[in-house]
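Here is my note on the model below.

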Amino acid sequence: MKIYYEDSMPYAAEFFSELGDCEVFSHKTVNPDTLADADVLLVRSTTKVNEQLLAKNNQVQFVATATAGTDHVDQSYLAKQHIPFISAGGCNAVAVAEYVLSVILVMAKRLNWQLADKTVGIVGAGHVGSALSRVLSVLRINYKLCDPPLADAGDTREFVTMNDIMQCDVISLHVPWVKDGPYPTQDLFAKTRLAALQENQLLINACRGEVINNQAALELFEQGKSLNLVLDVWENEPSINLDLIPHTALATAHIAGHTIEGKARGTEMLYLALCQHLGIQASKKLSDYLPKAEPSSIHITETQNFWEVVQQLVLNVYNVETDDQHFRTNMRGAEQFRYIRKHYPIRREFSAIALNTGNFADSKAIYALGFLPA
């Protein structure tokens, strides 16, 4: 069995080498000839899987993406060809939630906010939105959920309308890109809704670039609009609107979910799915391969207050300002956008860090964020 996997999938060789004859490929050079003899095709979001790519293949039996998003895969074509398709939904949910938390903490410091008094509006209550809501609950930060499709499907959580979301201090977007149908998300924040935001609100997009109309945002900024806008995702990636970058409060290159755990968890999910497809007992797990974090432990003193500790821990593990500065310094066009994503440095999740909290009063809440006891 020939297994082809994209070169940006961490630990793919370790997971798949015993299941077949593995070949690695780059999204830059892959073509129909490359994959002519593939039985299994494993990709990330940089490879577009469609009829053209598989034009010379008549034997592929399993296609999967090690990402939560599936916009790059023509699922209708695969279904017509009776080719099973799997995605790694939820693989990066924790990573994105931790990214958003870093953003909120950084912006709260800039805006002199007391987060206990603020409300976060979460648009999209799937894997990522749910992960973010758990983090906010641990920190006792108020939040509201908006997800009409889930509400209509019978989800029993309490949901609010977009009108309610627009009154929140922070609005964080975690929806798929849906162009039409009853619940479209394309241009969810077009000019009218963007214009309605107040200068003391914070809008974060870490889902799909097309959910915010970037040109409308730029026009409003150029007209003097004051808005705290944080973009990790952009319209027309990687050929994004460079003129918008200087107006953003924080800007990154679609890396919110790019922890080593988040990316590698996608590989592990594909491994488990392929084993199930083949009727093979899975024998490997992600913890077998993850490296030790540096630093691997942090000490907390009992004299610190709760928010000091949260700031210290979160920003020591991941400070979004570092990525923002690198992006602004190096972003010149599509190739730089691709390069920043491709060569993103190792970033860890809270679960990689062991804590010694001593007699700190809120130890339970800190560990609930995902940190490990030392």
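1. To how many disulfides does the count come? Zero, by the rule that a disulfide is a pair of cysteine sulfur atoms within 2.5 Å. C146 is in no disulfide, as the nearest cysteine sulfur, that of C168, is 9.5 Å away. That is too far for a bond. C146 is buried, with a relative accessible area of 3%. C168 is buried too, at 2%. Buried means under 20% relative accessible area, exposed over 50%, partly exposed in between (1.4 Å probe, protein chains only).

2. On the basis: this is a predicted model, where local features need pLDDT of at least 70, side-chain atom pairs count only at pLDDT 80 or more, and totals for chains, interfaces and linings use all residues. Residues are numbered from 1 along each chain as its sequence is written, and side-chain values use heavy atoms, with hydrogens and water left out.

3. Strand β1 spans residues 2-6. Helices (H or I, at least four residues) and strands (E, at least two) are DSSP runs, numbered from the N terminus. Five of the five β1 residues are buried, so the strand is largely enclosed by the rest of the structure. K2, Y4 and E6 point one way; I3 and Y5 point the other.

4. β1 runs parallel to β2 (residues 21-25), joined by five bridges. Strands pair if DSSP finds at least two bridges between them. E6 has F25 as its bridge partner in β2. Three bridges join β1 to β3 (residues 40-43), also parallel. There, I3 stands opposite V40.

5. In helix α12 (residues 334-342), F337, I340 and R341 are buried. They cover an arc of only 95 degrees around the axis, so they sit on the same side of α12. The arc is that of the directions from the helix axis to the C-beta atoms. The cover over the buried residues of α12 includes α11 (320-330), by contact (heavy atoms within 4.5 Å).
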